[in-house]
Amino acid sequence: MGRVGARITVLLVFMTTVLCPGGTPAGASPVPGALWFDDQAAASFTVQDGRFVDGLGREVVLRGYNVSGETKLEENGGLPFASVADAEKSATALRALGGGNAVRFLLSWAQAEPARGQVDHAYLADATAQMRAFLRAGIRVYPDFHQDLFSRHLFHKDSWYTGDGAPKWVVDEGGYPREFCGICLFWGQNITQNQAVTRAAHDFWHNKGGIQDAFLATAQTTMAYIAEHLTAAEFAHVVGFDPYNEPHAGTYDPGQTSRTWERDVLWPFYEKFRARMDAAGWRDKPAFVEPNLFWNANLDFQRQEGGLLDAGRLGPRYVFNTHFYDQKAISGVFMWGKAKDGQYAGDFGAVRDRAAGTETAAVVSEFGHPLSGTVSDKAPTVVKAMYQALDSRLPGSTWWSRPHDSGPVLSATQWQWDIYNGRHHELMNANPDKVLTTGDAWNDEDLSAIRINDTGTPVLRQDARLLDRLYPSATAGRVVAFTYEDRSRDGNTTLTWNPVPASLPRIRELVGTGQYGVLLWRSNGTTAPTELHLPASFEPSRTTVVSDLGTRHTPPPYDSTTPIAVAPEPGGTGSRRLLLTAPESAGTHLHFALVTNGATAPSAELLEAARTELATWATGHCRR
């Protein structure tokens with residue numbers, strides 16, 4: 001959007017605020033498809049006992065994508081979309097094609113504060129309007145002031161690389177040397193090898209010239225703007241804020257280690273940001289704080305001690321927020337071949353352990369793998385292995401024998417969801433002779449799961465069976481164990497890493513070659529149902545549920561008396577959910593449910609035999 005259009009947006013927002021006090025847009029309507037319990041469920045989002053919890057006390061899992069890398073570019077003024085209409089199109093596709101219920105929504109400091117102390121309210125208005133498109137689609141949002149390599153303004157017009165984050169005035173005041181990375185094969189090497197980047201990062205963390213203070217002030221203004229210009233119902237779907245993407249010291253001071261930097265520099269910054277959240281009206285929402293980005297690197301020479309080891313108890317005011325990329329696989333050198341069953345069980349187990357150690361919930365706010373280039377052939381197996389490790393800390397080969405060790409289901413947002421993938425027009429570092437159009441148009445990255453085709457229709461770039469997944473979006477109680485076999489493909493090969501064991505022959509017969517998931521949960525007595533996102537591949541007519549609550553092939557539409565039913569997900573996007581309602585008298589009973597699309601017309605005898613088999617297995621492995 002051009003600046004003239006942006007100024008018109010500000011005028012319209014002003015008129016809306018005057019005509020509808022409190023910032024409520026005229027004609028605002030409830031989220032389409034909401035059921036009797038949805039408003040109360042959405043009314044709050046907190047951290048309790050190391051899990052995310054909604055207004056009904058149900059355990060919530062966030063799954064979705066980063067929206068989007070477009071914010072790093074200049075072509076749309078640091079906004080994820082060129083228009084609200086594009087944001088609405090993206091939100092609908094994210095729900096219906098990508099199976100997401102949450103997004104990490106990227107914002108640009110450079111655009112929000114183009115001159116020191118001068119916040120661009122036109123930018124905030126446009127960003128909030130685009131954010132609203134996701135909120136109205138029933139998607140939870142947590143914004144992120146994004147940065148990579150500190151700022152694009154550190155890089156000269158002929159550079160091989162670029163950055164994003166800090167405004168030009170910060171770079172101008174810093175007087176940094178001409179950037180140069182030396183022998184760098186990957187853009188991330190600039191983080192530790194490019195003197196301009198390392199010095200700028202060091203200055204930020206030490207608040208040289210008050211630049212960190214300026215960032216915090218802009219963040220507070222931004223958060224206050226969002227809170228004031230969304231309705232109360234919309235703002236309730238904003239679940240927190242990610243203060244700073246992939247923090248790193250730049251350079252360590254004499255005698256300082258990565259661990260002491262986290263303790264003495266990074267954590268005090270988060271405390272300051274937390275205070276700004278409180279002042280801006282975000283007191284009841286957690287800060288999604290990231291440790292040193294190298295704390296969990298899977299290359300030994302990159303890994304640095306960290307993980308907020310000295311921060312103490314984080315919950316409920318902070319969430320342990322981290323990223324994971326398989327740098328071995330991305331390198332093309334340190335991992336030959338493809339990912340296998342259980343490949344990342346240890347890596348994501350470490351995330352669960354750190355969250356438990358800090359007594360808070362965890363979110364993996366970035367993960368993914370390149371979809372083009374020399375290592376893109378690994379993507380189907382790498383991303384499948386990552387989702388497997390998000391669902392459970394166990395490999396598929398041992399899940400059925402050890403479900404009690406499955407651990408919590410991790411929330412996560414894949415990098416990334418950019419509808420403009422392959423259709424960009426970005427002048428790299430403002431150089432008219434370097435117009436980037438392919439991939440993500442940023443440092444040769446190409447990770448977007450979505451694109452638009454020639455008719456303007458969003459289409460997936462990865463296997464739908466991999467992305468649109470069954471998962472427990474809201475559990476009425478506490479998840480004991482979960483697994484999902486997506487049967488996603490690597491080329492023409494179907495990947496099955498969690499086959500039903502031969503010791504469960506009737507379940508195996510029921511599932512056949514179909515996709516399936518198993519959820520074990522302990523109820524908390526609420527009358528609200530447990531919800532699982534139902535992928536598009538689970539048409540109600542092809543869906544079979546075997547549970548202690550009953551058995552059902554082709555679950556009916558939901559009503560409050562039906563224990564196993566299907567309903568639209570809120571937002572009017574066409575996505576569906578499976579609703580499992582336990583009787584109020586169940587107390588803290590252990591429940592189980594197997595959901596599959598593998599059976600076409602199962603007999604009553606097969607359903608009952610599978611139920612008996614599943615009940616014996618569940619009670620044998622998880623005590624009531």
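Is D278 buried or exposed, and at what relative accessibility? D278 comes out at 15% relative accessibility, so it counts as buried. Bear in mind throughout that this is a predicted model.

**Stop 1: helix α11**

R274 and D278 sit four residues apart in helix α11, about one helical turn. R274 counts as buried too, at 3% relative accessibility.

Now select F269. Helix α11 holds this residue as well. F269 is buried, with a relative accessible area of 1%. Show its surroundings. Beyond its neighbours within four places in sequence, F269 is in contact with F204, W205, Q212, F215, L216, P243 and Y244.

**Stop 2: aromatic pairs**

The whole structure contains 43 aromatic pairs. One of them joins Y244 and F269, edge-to-face, at 6.1 Å centre to centre and 85 degrees between the planes. This pair links distant parts of the chain: Y244 is in the loop between α10 (232-236) and α11 (258-279), F269 is in helix α11, and 25 residues separate them. Y244 is buried, at 6% relative accessible area.

Move to F367 and Y387. Their ring centres lie 5.1 Å apart and their planes stand at 90 degrees, so this pair is edge-to-face. F367 belongs to strand β9 (residues 362-367) and Y387 to helix α14 (residues 379-391), so the pair ties together parts 20 residues apart in sequence. F367 and Y387 are both buried.

**Stop 3: S365 in strand β9**

Stay in strand β9 and select S365. S365 is buried, with a relative accessible area of 0%. What does S365 contact, leaving aside its neighbours within four places in sequence? The list is N66, R104, Y142, D242, E290, N321, T322, H323 and T413.

**Stop 4: charges over rings**

Select K72 and W442. K72 lies over the face of W442, at 3.6 Å from the ring centre. Then select K285 and F235. Here K285 lies over the face of F235, at 4.1 Å from the ring centre.

**Stop 5: salt bridges**

Side chains of opposite charge can pair when their charged atoms come close. The count for this model is 39 salt bridges.

Pick E234 and R132. Their side chains meet in a salt bridge at 3.3 Å, N to O. E234 lies in helix α10 and R132 in helix α5 (residues 121-136), so the pair ties together parts 102 residues apart in sequence. Both E234 and R132 are buried.

Next, R576 and E539. This salt bridge has an N to O distance of 4.0 Å. The pair links distant parts of the chain: R576 is in strand β24 (residues 576-580), while E539 is in the loop between β20 (530-534) and β21 (544-547), 37 residues apart. E539 counts as partly exposed, at 37% relative accessibility.

Then select a group. R63, K384, D391, R469, E485 and D486 are linked in a network of salt bridges.

**Stop 6: D418, a charge without a partner**

Go to D418, in the loop between β10 (411-414) and β11 (426-427). D418 is buried yet has no salt bridge. Which side chain of opposite charge is nearest to D418, and how far away is that side chain? It is R461, 8.3 Å away.

What does the side chain of D418 reach at 3.1 Å? It reaches the backbone nitrogen of Y420. Now show the contacts. Leaving aside neighbours within four places in sequence, D418 is in contact with S68, E70, H424, D440, S448, I450 and R451.

**Stop 7: F155**

Finish at F155, in the loop between β6 (140-145) and α6 (168-174). F155 counts as buried, at 6% relative accessibility. Residues up to four places away in sequence aside, F155 touches L149, Y161, T162, G163, E179, N190, N194, V197 and N429. F155 and L467 are 35 Å apart in space, C-alpha to C-alpha, and 312 residues apart in sequence.

Terms used
Residues are numbered from 1 along each chain as its sequence is written. This is a predicted model: local features need pLDDT of at least 70, side-chain atom pairs count only at pLDDT 80 or more; totals for chains, interfaces and linings use all residues. Side-chain values use heavy atoms; hydrogens and water are left out. Helices (H or I, at least four residues) and strands (E, at least two) are DSSP runs, numbered from the N terminus. Buried means under 20% relative accessible area, exposed over 50%, partly exposed in between (1.4 Å probe, protein chains only). Lys and Arg count as positive and Asp and Glu as negative; His and the chain ends are not counted. A polar contact is a pair of N or O atoms within 3.5 Å; within protein, one must be able to donate a hydrogen and the other to accept it, and residues adjacent in sequence count only if both atoms are side-chain atoms. Contact means heavy atoms within 4.5 Å. Rings of Phe, Tyr and Trp (its six-membered ring) pair if their centres lie within 6.5 Å; planes under 30 degrees apart count as stacked, over 60 as edge-to-face and the rest as tilted. A charge sits over a ring if NZ of Lys or CZ of Arg is within 6 Å of the ring centre and within 35 degrees of the ring normal.
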